Amino acid sequence: HRYLHAVPTRRSADLVFAPTTGTWQIYISKMPDKQDRVITLYDSGGLAPWPRSLLDFPNVSVNVRGQDYADAYDKMKAIKDALLGLPPQIINGDSWSAVTQVGEMAFAGYDEKDRPLFSATFRLFIEIGRASCRESV
């Protein structure tokens, strides 16, 4: 599980979602079937790192499933506001300078149990602070 602490989804979950989830459950890479109120984060590519630099631009996609449309919408909006409002900070030795949104949050339909799903993708701007084979330009 050492690698899991370094992936962007795990860092995002620890930073933003864990302290404020309440009755919501958070998962990484797979949405479970049973719970109604679920937030799932996925590593979803991003821009290529800058050559010979320590800058990475990973994307994190967030899916929200709620008990009803308003429930899911409100949680997705709260997540959007929390991520876009993050100040620059050091997380696990890396400098997170910004989080931007790729497109707008979207209604993705209903699952097989008629629960609403929302989705949004966020781009992280991270300067790697840990040991790396890359050199900063």
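Seven aromatic pairs turn up when the whole structure is searched. Keep in mind that this is a predicted model.

W50 and F57 make a tilted pair, because their ring centres lie 5.4 Å apart and their planes meet at 50 degrees. F57 has a relative accessibility of 6%, so this residue is buried.

Y69 and F107 also form a tilted aromatic pair, with 5.1 Å from centre to centre and 55 degrees between the planes. Here the partners come from distant parts of the chain: Y69 sits in helix α2 and F107 in strand β5, 38 residues apart.

| Residue | Relative accessibility | Class |
|---|---|---|
| Y69 | 40% | partly exposed |
| Y73 | 35% | partly exposed |
| F107 | 36% | partly exposed |

Which residues make the nonpolar surface patch? Y69, Y73, F107 and Y110 do, and the patch covers about 400 Å². Two elements, α2 (69–84) and β5 (94–110), each supply at least two residues of this patch. Y69 and F107 are therefore partners in a tilted pair as well as contributors to the nonpolar patch.

Definitions and conventions: Residues numbered from 1 in each chain as written. Predicted model: local features only at pLDDT ≥ 70, side-chain atom pairs only at ≥ 80, totals over all residues. Heavy atoms only, no water. Patch = residues over 30% accessible without salt bridge, like charges linked within 9 Å, V, L, I, M, F, W, Y side chains within 5 Å. Areas by Shrake-Rupley, 256 points an atom, 1.4 Å probe, with all protein chains shown as cover. Salt bridge = Lys/Arg side-chain N within 4 Å of Asp/Glu carboxyl O. Helix = DSSP H or I, 4+ residues; strand = E, 2+ residues; numbered from the N terminus. Buried < 20%, exposed > 50% of the residue type's maximum accessible area, 1.4 Å probe, protein only. Phe/Tyr/Trp six-rings, centres within 6.5 Å; stacked < 30°, edge-to-face > 60°.
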